[in-house]
Amino acid sequence: MDPRIAPNPTRSERADRRPGSSAPNAAEDVPREVSLLDVLLMVTRHRRTILLTATAFAVLGVVYALLQRDEYTASATLVREAEEGFASSGAISALRSFGFDLGATEPGLSVEAYPDILATREVRLVLLRDTFQVPSEDTSLTLMRYVLRPSPIGYVVNAPKRWVRSLRRSEGGAAPSEQPVLSELEQLALGKLAGLTRVSTNEESGLMSVTITTYDPYLSAAVVERSVDLLAERVRSIRTQKARDNLAFVSERFEQAEQDFRRQQARLAAFDDRNRAIQTASLRTQRERLTQDLSFKREYYNELRTEVTRAELELQRSEPIITVVEEPVVVLKSSGPRRGLIVMVALLLGVVLGFGIALLREIAGSGQEEDRAKWEEVRAGLSWPWRSRTPENAA
């Protein structure tokens, strides 16, 4: 026989070359490759599992999408104008884009802080406590009560939370405090309102957009309009606080100076009435002293009157200007939910999960001793910790 031609191995020789045998086998170190044909074979074998899982998730997605209520969005566009004497936000952004470090371009509150002011707790609490008309339900209620009403799915999901809150209330409340207390319902309503509100800004144009989404188109428009009013009031209160304090202080000093000036005038007039013919030096000295005091008080009075006028002008100048470019309108076309996207995502999740189950079943039913050993180790690791492992189970 030609020595270059190797004979076919016998059955015993093939058995000796199996994994775990003592005979050396160079092919054992070569990793197995999964081809496209193997994947198609796995899909064909477990197509029923994949189809059932994908169908179940698709049905759940359809049910979830149908349970969602229609959402309506309303928005308003504002112009945030900077205080006189300072650069606008668009010019500031342009200069900063070229690398110029301008530092603080406005004293105190700037227009860039308007979105943060609208998101503050003070503004949103006032908004939550306001009463709005809901035409779709033919009733009026506070916004807090409206946002806290659970959906059909949310009622079931939040049932454990309601049970925990009832236990906490039964244990007794905390000690009274002088500080304002934010209740749990108010805190929950603030979080829900934050999810319904969206604020976007354009730094180049200085425009600011406020968007509210609710289940009623008329309510969305009313909440946006009220949000814009609250933003203007809050910004005005913050921006003019220093000017109002200065005006109050100067006005108080001015009233006191006016009273002193009037009393000094009356004192000098009374002195002249009593002494029509002044011939002694002491009377002349006394009159000169009264005249000097009156002149000083007149100058002080006139100076404070000028300061009051200047403070009033400064208060008027510091008034923020928020111009509504686009008023909120009622949009009857729903903006959500995107039911088709919900169903597609649910279907995709079902397909992925079906492939995962099929892969696990393929590994569990594989004839490879190495894969079966790994699968048994995974099953042992996922077993309940309190389940005792006997030698029979371990084997």
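Guide: Let us begin with T49, which lies in helix α3 (residues 47–67); helices are DSSP runs of H or I with at least four residues, numbered from the N terminus. The model is predicted, so local features need pLDDT of at least 70 and side-chain atom pairs count only at pLDDT 80 or more, while totals for chains, interfaces and linings use all residues. Residues are numbered from 1 along each chain as its sequence is written, and side-chain values use heavy atoms, with hydrogens and water left out.

T49 has a relative accessibility of 15% and therefore counts as buried, a term that means under 20% relative accessible area, with a 1.4 Å probe and protein chains only. Residues up to four places away in sequence aside, T49 touches I357 and R361, where contact means heavy atoms within 4.5 Å.

Helix α14 (residues 339–364) also meets helix α2 (residues 36–45): their axes come within 10 Å and cross at roughly 100 degrees. α2 is therefore roughly perpendicular to α14, the term for angles of 65 to 115 degrees. Axes here are lines fitted to C-alpha atoms, for helices over the stretch in contact, and angles run from 0 to 180 degrees between N-to-C directions. On the α2 side, M42, V43 and R45 take part, and they meet F355, A358, L359 and E362 of α14. The residues of this contact comprise five nonpolar, no polar and two charged; Ala, Val, Leu, Ile, Met, Phe, Trp, Tyr, Cys and Pro count as nonpolar, Asp, Glu, Lys and Arg as charged, and the others, Gly among them, as polar.

Methods:
Helix = DSSP H or I, 4+ residues; strand = E, 2+ residues; numbered from the N terminus. Parallel < 35°, antiparallel > 145°, perpendicular 65-115°, else oblique. Buried < 20%, exposed > 50% of the residue type's maximum accessible area, 1.4 Å probe, protein only.
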